[in-house]
Amino acid sequence: MSDRYLVTASPHLRSRDSTPTIMWSVVGSLVPIIAFAVYYFGPSAVLVMLAAVVGAVGTEAAWGKKGAVRDGSAAITGILLGLCLPAGLPLWMAVLGGAFSIGFGKLIFGGLGQNIFNPALLGRAFLQAAFPVALTTWPAVEGVSWWSLRGDNFALPLMSAQVDAVTAATPLGLMKFERVLTPVADLAFGTTGGSLGETGAILILLCGGYLALRNYLNWRIPASILITVAVCTAVLHLIDASRYPTPQFMLLSGGLMLGAVYMATDMVTSPVTHRGAWIFGAGVGFLVVVIRMWGGLAEGVMYAILIMNALVPFINRATQPRVFGTSRQKAPA
Amino acid sequence: MFDRLTFRHGVHPPELKQLTADLPIRRLPYPREVVLPLSQHTGKPARLIVRVGDRVERGDLIGEPDGWVSSPIHASASGTISEIGLSPHPDGTFKPAVRITVEPFSAQIPRPRLVPDWHGLDRDGLLEAVRHAGVVGLGGAAFPTHVKLKPPPDKPIEMILINGCECEPYLTTDHRTMVEFPERIHLGVRIMMKILGVSKVVIGVERNKPDAIEALERTKPADLDVVVLPLTVKYPQGAEKMLIEAVTGREVPSGKLPLDVGIVVQNAASVATIAEVFDTGLPLVERIVTVTGLGVRKPANLIVPVGTKLGDLLTACGGMTDDAREIVFGGPMMGAAQANLDTPLTKGTTGVIVLAERECKEQASYPCIRCGHCLDACPVFLNPQQLGKLAATGRYEEMADAYHLSDCMLCGCCSYVCPSNIPLSQQFAAARVALRQRKSVA
């Protein structure tokens, strides 16, 4: 029995959840998706994801707060960035993307919790702007040995990569530019071309479901995004079935699932209120449909989420909870 | 829906009640001295009417109420007043208190009937008797009971709500009271009904106390309209506004009191005390406390004289373990940590919890990641995330004006769930103090 006692403010009990627990749980939930990417795209997948993580975590370690690497958020950013890159990407680009994600996506805003935009998506947007060809060169899978690299992963920085890999278009590219529809079953189980982690819609849903059950993911955001996309597409499809794809194709193709489940739900860059989450998701879903259908790009999830990220402070302010025992909320100043 | 009565939001901390839930209430030998602060209740401190050297019997008045929202203080043991001065107070400050050296061989038999028999009293007589017996709410806030029992004439009361939730982890004070003295609760209810002229009574008890529910049902008088209502186990189910929401589905308007919706809420131990003072004729001089936690050797439910010093109480419970680290008066969610073993227990001390080292390790704090868990936990639907951000930069006026700081009950749910361990409710308490100071300066 000591004669000195701790005096702290209440509550004297704390729940077991901690920010690192949440972050590392997200990392853990991504393992099946990572494993599938490796199974499907071979060693290139490992290399690209590793490079993105090295870029992200290295930047956090070098310029972030001391010990901030341990909270796991930089690792998530690196992995998520890796998952939305093509397997054949030169590794130096992946490292650069990871570094940009953390440096310009997070650290310049003040580190964890301060950033406005999803760091992984910001990194990808940077890569897409800087290296549009490399970012849209999708390796083919059929007829290639698992052990072979899916592109010039070891290209030297700033040298043009040799494009001799066998490439395959993504389902969205096929739809948009060649009017070929990929079977829905291939989309659902991930046997299509695309970025590392955007194939395999069902797997992503399962992994996200696990996080939602642990309350580490706000299910309202993906629900809202997917419902909005489904409804908008269904309406368009009913109007002109020859021009617009079916809702199931839209839901399962491209980066929508990964974006809706893992990118849009980033806690820091999504609304804190439930109503805000629904509005945010609806905005993302609507923008995805607009960009995919009428934009110049095949895919629109990235820009849709980044645009809605910018609106989050306003959504939060507009959806303040109604305080107990009041009829309306006071307008925040 | 009937079997799922509760409020929205809230948290589920571990209950931790098994240490003392089945231990019968025991009485301890009298300590060598008791220390009675003149302020043990909400409102003005009592006015001192004794001097050093005076001899007092148990139950004698030593401080009289100073105005309506105040309460008298009585000697909790027979002995001699040895000192009148500042003493450590459970709220962390030093406050005027009366120290009584307890007569070692006294039988502690009080003067006969200091509180009159209730049968012969009318409403006003009962109210005065409650007031002069020093009865206050025993659930923690120690609000003078007679004030609650005399609502303004323009606020008609329809229902009495007895709070038997005891939603704080560890505590079993109300639980054991309901199990062992259910008749007292019903008698207290009867007296409250007579004072308030109300015929409808609901006793809300959390489902984790089936023995209490059973005892209350078994002893229910046939002539009273009393409903014992099992409620969902959730914190803070025992907060007045949450209890009213669970039982009636109504929200007490922001800034208003339960009596504004026609309800008087009284904690179970307090109701039992109303009955007790009329039963024994002795004013409120002792109370039931739970002494528990992994840091105390022999957890117990005890009847102790008000003013018993913390150190004496812990010694009587076998002392503290080697890894005892923090001592808390009240529940672990809202209770106040104590720094001094000479601090006396007051009327509002529901329990003493000694937390062990492993329960109160300092946890690393991280920046807010806007997970929104605090918004999902807040039982009064505030935005602790935004409030915390404003508090961190000292924007207290904005917290009060735009984000309803005054509606915060300091229940601690937001701090409890925060994965980044941001001390939200502590910041809100500090903000309120700072605002009060700014206002008083202006």
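The following paragraphs describe the fold of chain A and the surface through which chain B touches chain A. This is a predicted model, in which local features need pLDDT of at least 70 and side-chain atom pairs count only at pLDDT 80 or more, while totals for chains, interfaces and linings use all residues. Residues are numbered from 1 along each chain as its sequence is written, and chains are lettered from A and ligands numbered from 1 in the order in which they are written.

Chain A contains 14 helices and zero strands (DSSP runs numbered from the N terminus, with H or I over at least four residues for helices and E over at least two for strands). The C-alpha trace of chain A spans about 75 × 50 × 35 Å along its principal axes. Among contacts in chain A with a separation of 6 or more, 75% join residues 24 or more positions apart; a contact requires C-beta atoms, placed from the backbone, within 7 Å.

Between the chains, 54 residues of chain B are in contact with 37 residues of chain A. On chain B, at least two residues of this side come from each of strand 15 (324-329), strand 16 (336-338), helix 11 (396-403), helix 12 (413-417) and helix 13 (424-441). Strand 15 of chain B provides the largest share, five residues.

Note on methods: Contact = placed C-beta atoms within 7 Å.
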